[in-house]
Amino acid sequence: MTDLFSKFDPLIEQRAALLSTGVTDPFSLVMEKVLSPTVAICNGRETILLGTYNYMGMTFDEDVIAAGKDALDKFGSGTTGSRVLNGTYQGHREVEEALKDFYAMDHAMVFSTGYQANLGIISTIAGKGDYIILDIDSHASIYDGCKMGDAEIVAFRHNDIEALEKRLKRLPPEAGKLVVLEGVYSMLGDVAPLKEMIRIAKENGAMVLVDEAHSMGFIGEHGRGVAEAQGVIDDVDFIIGTFSKSVGTVGGFCVSNHPKFEILRLVCRPYVFTASLPPSVVATAATSIRKLMHGSNKRAHLWENSKALHKGLRDLGFTLGTDEPQSAIIAVIMPDLERGAMMWEALLEEGLYVNLARPPATPAGMTLLRCSLCAEHSADQVGEILGRFERAGKRTGIIG
């Protein structure tokens, strides 16, 4: 009998070799207690959180928590059904109305996760005979949506405007085409040149989908993302987002002005055949989204945090993923996986949690420590973070 797990043997061996060095498993950390958006108890000690994607710090907002408790009392713990059967409660409509108001768009559709939003929308609107043109560094959910829909996949070099144009011009003019981009790419925290790319897509007869998971709530005058910041949000056909980042809970969504958008509720399989989000979750999401509409002060503070951390790490001698801060994500490049894991553990011992990211999730096979800042991080905490990076970096030999 062929062992179906044999395909994972190289990864099993790599993990065993890493753990044999005595390093703590960086992918199984347990947070024993979460005290705030920026602090938790990890391994029995108070730890600054710098790897949670909690960009706007909404997880402990009093109004958000109160809305969730109220919905739990009134509607119970779950829906036990899909949106097209018994799974649409008043709260689901309210969060979709909040999204339409937030983005100033005509339609909004909520999924149980951000992953399912990409999986569902992409696989439904682009199928056999169509073409999906996407950045090679796209998120796994985007690739899986392409595979599920059976469209032809055409990848181009990361953030390369000329490469996108060349790919589009080689495709049949009459074919259905969907260009899929991300506002902020989650590994390096770099921003896409959406303005130029969307122009090229439209000139070549393609529809455009932009995943704004890592920019929604933070980037843009109203927090609508990179497309808003670059002045092209009205040219985007579909915006995908998630509730598990700036919104501070769980779920995914798509907003659009397409006049036929509502038919997707009947033909999108990950929407039709998945139980809907619990009432408490959609209540917290709706409350959070409406508060984010007035979050300009938080956005300004988060930008200051990003600039301070980026400059501080660069001045200490660390290699970063971007020359300038472009988002709330700052990637610290490591020499290799083993030393990256050592640095991750040293930071944890200093009382700082970040994400260790490794291939194949990372671009170009690199290992990195991914820092995601929060609007609730104080200036003093950013200073403490830099001190802990300096001590851990010198202890592991990553910096001199």
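The model is predicted, so local features require pLDDT of at least 70 and side-chain atom pairs count only at pLDDT 80 or more, whereas totals for chains, interfaces and linings use all residues. Residues are numbered from 1 along each chain as its sequence is written, and side-chain values use heavy atoms, with hydrogens and water left out.

We begin with Phe111, which belongs to strand β4 (residues 107–111); strands (E, at least two residues) and helices (H or I, at least four) are DSSP runs, numbered from the N terminus. Phe111 has a relative accessible area of 2% and is therefore buried; buried means under 20%, exposed over 50%, and partly exposed in between, with a 1.4 Å probe and protein chains only. Not counting residues up to four places away in sequence, Phe111 touches several residues, including Gly251, Gly252, Phe253, Pro270 and Tyr271, where contact means heavy atoms within 4.5 Å. The C-alpha atoms of Phe111 and Ser123, 12 residues apart along the chain, are separated by 14 Å.

Strand β9 (residues 238–242) contains Thr242. Thr242 is buried, because its relative accessible area is 6%. Leaving aside neighbours within four places in sequence, the contacts of Thr242 include Gly114, Ala213, Gly251, Gly252 and Phe253. The side chains of Thr242 and Ser244 are joined by a polar contact of 2.8 Å. Such a contact is a pair of N or O atoms within 3.5 Å; within protein, one must be able to donate a hydrogen and the other to accept it, and residues adjacent in sequence count only if both atoms are side-chain atoms. The Thr242 side chain also reaches the backbone oxygen of Gly251, at 3.0 Å.

Helix α13 covers residues 337–349, and at 1.5 Å a residue its 13 residues should span 18 Å; the end C-alpha atoms are 18 Å apart, which agrees. The expected span is 1.5 Å times one less than the number of residues. At the start of α13, a side-chain oxygen of Asp336 comes to within 3.3 Å of the backbone nitrogen of Glu338. Among the buried residues of α13 are Leu337, Met343, Trp344 and Leu348. Just after the helix, Gly351 adopts a positive phi of about 90°.

Finally, helix α9 (residues 264–267) holds Leu266. With a relative accessible area of 61%, Leu266 is exposed.
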